[in-house]
Amino acid sequence: NNGTEAFTVRTVTVSAQERLNALQIRGRTKAETIVPIRAETAGTVQERLVAKGEMVSPGTLVCRLDAGVRQSSVDEAQAAVDQARFDLEANERLLEQGFATPSRIQGLRAALNRSQAQLDAAKKELERTEVVATVGGIVQDPVAEVGDNLTAGGTCVTLVDLDPMLLTAQVGEQDIFKVDEGQTAKIELIT
């Protein structure tokens, strides 16, 4: 036992193999485009027609605000247009018979045009109670809830466009030479 005893060993033949050199870094993803879909008029949210996580296309109705007195304004403006049209037509017949003046007809045409403009404005205000997505994306917070009071410009829903996604990560100084601009990367998301 002077240290010269023989012992057994096993050997394995190893061949060279290509090995993937991957750099693992941690970071955060963020949508490049986040768009709040805003109400164009003030009102109480009567109905939200989309849910968080739902994909929305441009032109999709996302919220409906309480119309309030807006429908009454449209009805009133329509009645004013009808009355102005009736007055104009009656006076045009009187003009043909010599009982009205051209200046009276001109004034009544102006009144009809003014009434029509008020009707158009009232209809536009009523249309604004329906909030429509201007872009496509996925609904995320913040979203308005039924009963919320929105001001003009208040956010009904927020949409994110997940294509493209931005990844922000920090690469250590010792590894920076392993990264090139335009390089392909594999990204795995935890959530």
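The following conversation discusses a predicted model.

Reader: What should I know about the model before we start?

Author: It is a predicted model, in which local features need pLDDT of at least 70, side-chain atom pairs count only at pLDDT 80 or more, and totals for chains, interfaces and linings use all residues. Residues are numbered from 1 along each chain as its sequence is written, and side-chain values use heavy atoms, with hydrogens and water left out.

Reader: Where is Ala 152 found?

Author: Ala 152 sits in the loop between strand S7 (149-150) and strand S8 (155-169); strands are DSSP runs of E with at least two residues, numbered from the N terminus.

Reader: Is Ala 152 buried or exposed?

Author: Ala 152 counts as exposed because its relative accessibility is 53%. Exposed means over 50% relative accessible area and buried under 20%, with partly exposed in between (1.4 Å probe, protein chains only).

Reader: And which residues is Ala 152 in contact with, leaving aside neighbours within four places in sequence?

Author: Ala 152 is in contact with Ala 39, Glu 40, Thr 41 and Ala 42, where contact means heavy atoms within 4.5 Å. The C-alpha atom of Ala 152 is also 8.0 Å from that of Gly 43, although 109 residues separate the two along the chain.

Reader: Turning to S8, how many bridges join strand S1 to it?

Author: Eleven bridges join S1 (residues 27-38) to S8, and the two run antiparallel. Two strands pair if DSSP finds at least two bridges between them. Thr 33 stands opposite Asp 161 in S8.

Reader: What about S6 and S8?

Author: S6 (residues 137-140) pairs with S8 in the antiparallel sense over three bridges, and Ile 138 stands opposite Val 160 in S8.

Reader: Which cysteines form a disulfide?

Author: Cys 63 and Cys 156 do, with their sulfur atoms 1.5 Å apart; a disulfide is a pair of cysteine sulfur atoms within 2.5 Å. The pair links distant parts of the chain, since Cys 63 is in strand S4 (residues 61-65) and Cys 156 is in S8, 93 residues apart. Both cysteines are buried.

Reader: Why is the disulfide right-handed?

Author: The torsion about the S-S bond of Cys 63 and Cys 156 is about 95 degrees, so the disulfide is right-handed.

Conventions: Helices (H or I, at least four residues) and strands (E, at least two) are DSSP runs, numbered from the N terminus.
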